[in-house]
Amino acid sequence: MAAPLRHACRVTPTGKFINSAVRLTAAQQNIKRCLCVSSHNNYVFNRHMFSSTNGRRSCRLESEKFRINSDKLSRVYSTTTSDTVEEEEAQEEDEPLHTIITESESVTGSNDKHNFQAETTQLLEIVAKSLYSDSEVFIREVISNASDALEKLRYLRLTQTDLVDSGMPLEIHLQTNREKNTFVIQDTGIGLTKEDMINNLGTIARSGSKEFMKELQEKGAANQGDSIIGQFGVGFYSTFMVGDSVEVFSRSHDTGAPGYHWSSTGAGSYEIAEADGVQQGTKVIVHLKDSCRQFSDDDNIKGIITKYSNFVGVPIYLNGKRVNTVEALWMKDAKDITTVEHDQFFRYISNSAYDVPRYTLQYKTDAPINIRCLLYVPSREPSLFEFSRHEHAPVSLYSRKVLIQPKAEKILPVWLRFMTGVVDSEDIPLNLSRELLQDSALLTKISSVLVARILKFFQDKSKKDKASYADFFKGYGLYFREGVVSTPEQSVREDIAKLLRFESSAEPAGTVTGITDYCERMRPGQRNIYYLTAPSRQVAEASPYLEALKQNDVEVLYCFEPYDDLVLMQLQEFDRKKITSVENMAVESPDKPADDKTASADVTLSPSDCEDLTKWMETTLGSKVNSVKTTTRLAAHPAVVTLPNMGAARHWLKTALKNEAEDNKYKMLELSFKINPGHPLIRKIHDLKTREPELAKMVLEQMYGTAMINAGIVEDPRSVLGNVNELMTKILEKY
């Protein structure tokens, strides 16, 4: 019995999205059972691996995992039967082939030989051998030339009422022949006269498209040439990279115009002769070199067309089958695009068969720069591995719907690499080969325009649906934090910071807020934005560093991620308000004056006792501290450890001082140990240091260890446990 079929989404030559099928092995047949499990179960799909755990089927998709709720399963994973799929493929195979390429042309006139100029010959050799980084781009170049010829004819049809036209559809046809080792491209465009052949094919760097655009500008109709691609007049000569010789048959659209044949080996001369049986338009025949036989393979050519020219605005046929079936959605108005079209286009450009976009951003502007872009944020949250790959955003750069770079390096910053999509601009400064970008200032401007628009888009989303954005931030917040750290411009950093989310002392647990909302709630006269780094909310609310602000009812942002310290230190300020860690307040802010109750001798140590105690503590702790001082900022806690910049110190301990001995670490940090003279534990230590110095020393060391844990400086709290056991033993000796 034949194995069942595995289904996968793909695009037919007619532009229809269907489920193609390949045979499943016996081990893979479990996929059918996945469709029958009850709707409350979740599934992890992974292609070629199937297992059963607690009655649930797990299936793994080849390159990436993602969860799909089973109530959506029927929409995501096709349940089309084998017979239905076979019928769809049979219908596709039965579609009639459509081609205009024939071998009806024949040379009738005598060959008129022309020589390239000496400089032109040298330039031709450069174009053919050195200009392009990859020989496959010649297909992009000749398709672009054919597209320009069709656009010129389209313009003439619209503007010349007396034009006698054949009425042929505007199309591009390609044909490969392995036996003859040839590559053929033919269009139904404006065609070439003999003079055109001499001027445009016989002269390198003379662009007929550029001349056409110039004429349109002189007529005040420059917008009619928006689809013209050519600029430099060298694209045709890229055929000599792969061909031993090149032939061109062409007939102008003018009524009664004769056909002509142009041929050259690229060795310094070309020949032109009249020809019969030439259709309107231009046909280019490339006789491939033996080393370039891959360009006579239709599968290879199809992949190249899909890569570079899939969005050219006219139909492209390869050996009679339509190739470019996906529409350039970014050129359409947003209101004319359906959700289904967005889902299909997203899957196409992201190579994801099952994911759908979480957010869709379509943007266009003509001033100060022409930009058309369509960007997506995937629904599937990125893994930590994906975040760690510092690659450029998978955004393809196009110019007039022709691919320039599949992953444009300078269009979006690295921190936006979670976005995928397309950017198209007529103003992109290209080099001669149309592969590299020039004018870095203009590219920087394009990037800044896009980044500003993206940030505004996310800010709007965060305001319209706070719950949905908070869920999005859980998966993508790392990228925004990276953006704050890696962006040099303060204004852009602040715009990114508007997208950050934190828990707050003024909000219930689990509710997040933004820095902008925090500023709106600030008390009159407050100039600082306060934050506290802690592993959890419970630890944050019990922190000794929070006491002073809590007493004054000042809101504090809670940062639970270990790298939030670096992010907010890099941000420094927001809306002209200083961003301050509450851990630094004990260093930067003066102590509040003690009130009468605090100053009472019954509840606090006298100044002389404080001086005596701090000196003893400095001697006892030794190199562990740089100084011991008293503070009035504490109430419930006996002591804290302070540093000029606690966040930077924690980062330094984990990196530069990671392999240093504990004593050396603390000596380099120059810690300050601050005690609360009104706390019972401090007063008790003062009494014990003379009566029972050993016990007093043990209590002090434990208090110091606890303060270090509260400061987040001790990475492994287990190092303090030994002191706890010894202290309890010492205390119990009295009973």
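I start with helix α24, where the buried residues are L695, A696, M698, V699, L700, Q702, M703, Y704, G705, A707 and M708. Buried means under 20% relative accessible area, with exposed over 50% and partly exposed in between, using a 1.4 Å probe and protein chains only. Helices (H or I, at least four residues) and strands (E, at least two) are DSSP runs, numbered from the N terminus.

Two remarks on the source. This is a predicted model, in which local features need pLDDT of at least 70, side-chain atom pairs count only at pLDDT 80 or more, and totals for chains, interfaces and linings use all residues. Residues are numbered from 1 along each chain as its sequence is written, and side-chain values use heavy atoms, with hydrogens and water left out.

Back to α24, which covers residues 693-710. Its 18 residues reach 26 Å from the first C-alpha to the last, close to the expected 26 Å at 1.5 Å a residue; the expected span is 1.5 Å times one less than the number of residues. Just after the helix, G712 has a positive phi of about 75 degrees.

Next, strand β30, residues 672-675. S672 and K674 on one side are buried, and so are F673 and I675 on the other, leaving both faces covered. Which strands pair with β30? Pairing here requires at least two DSSP bridges between two strands. Strand β28 (residues 627-630) runs parallel to β30 over 4 bridges, with K629 bridged to K674. Strand β29 (residues 639-642) is antiparallel to β30, also joined by 4 bridges, and V641 has F673 as its bridge partner.

Now N584, in helix α18 (residues 582-588). Why does N584 count as buried? Because its relative accessibility is 7%. Leaving out residues up to four places away in sequence, N584 touches L643, P644, N645 and M646, a contact being heavy atoms within 4.5 Å.

For the whole protein, there are 25 helices and 30 strands. Of the 735 residues, 48% count as buried. Among contacts between residues at least 6 apart in sequence, 69% join residues at least 24 apart.

Last, confidence. pLDDT is the predictor's confidence in each residue, from 0 to 100. The mean is 79, and 76% of residues reach 70 or more. Over residues 205-210 the pLDDT is below 50, and that stretch has 19 contacts in the model beyond near neighbours in sequence. Residues 221-233 also stay under 50, with 48 contacts beyond four places in sequence. Where pLDDT is low, the predicted coordinates should not be read in detail.
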